[in-house]
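Please review the model shown here. A short report on selected positions goes with it.

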Amino acid sequence: MGQAVIFAAITSAASGAVAYMGAQRQASQLEQQANSATLRAEANAKIQYNNAVAAAQDETYQQSVNTFNSAENNALMNRMLSDKAKKDRMSIAAAEAQGAKQGVFNYSFSDTLKSDMMLSEGEGIDILAQGKQKSYEYKSANELSELRKSRGLEMGKYSSALTLSEGRQQSAALNAQASATRIGGYASALGSFSQAGSYYSQKTP
């Protein structure tokens, strides 16, 4: 009977020790997972924000391209209008000189000249309208790009913060679980050792 009690006491103590060591290993694994969750969240948050910044930089570059193209378009429009005005002056002067030379600079010729000038003026308006339309398109593209850039940065900050928050919550939950596991291991060991002591006291007369 005494040997059975001793065996039970030893078995109970050993079981407590095994439970304690198992709990400590499990708690360590949970703590490692908690640390990994934090590191993973920090890395993903950084990637998300960096991607948003890179996208914003792309938008900024496209805005500079649009601004350059708009300036080129305005310069081209001005050159075309200037060249046209010069060509019109030369055509009118040549026509007037030819009409005066031939003695036909009369009312009919004046009407024809006015008609040509009106036609030329219409062509000038077309050039101006096309140039202005292009400028408007570049301006609108830049405004839309600015909206995308601002929105992208805001979403990048939000996503980054959300990822960090979720990672920290997951890490806190795992650490809490690890702490509970350690405490459970201590309790299990204490219970087993107490039971072993109880068995041993039964052996003692």
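## Basis

This is a predicted model: local features need pLDDT of at least 70, side-chain atom pairs count only at pLDDT 80 or more, and totals for chains, interfaces and linings use all residues. Residues are numbered from 1 along each chain as its sequence is written, and side-chain values use heavy atoms, without hydrogens or water.

## Ser145

Ser145 sits in helix H2, residues 107-203. Helices are DSSP runs of H or I, at least four residues, numbered from the N terminus. Ser145 counts as buried because its relative accessibility is 1%; buried means under 20% relative accessible area, exposed over 50%, partly exposed in between (1.4 Å probe, protein chains only).

Beyond four places in sequence, Ser145 touches Glu59 and Gln63. Contact means heavy atoms within 4.5 Å.

## Nonpolar core

The largest nonpolar core has five residues: Ala27, Leu30, Ala34, Leu174 and Ala178. Such a core joins buried Ala, Val, Leu, Ile, Met, Phe, Trp, Tyr and Cys residues through side-chain atoms within 4.5 Å. Helix H1 (2-102) and H2 each supply at least two of its residues. H1 gives the most, with three.

Ala178 contacts Ala27, Leu30 and Glu31, leaving aside neighbours within four places in sequence.

## Met155

Met155 belongs to helix H2. Its relative accessible area is 36%, so Met155 is partly exposed.
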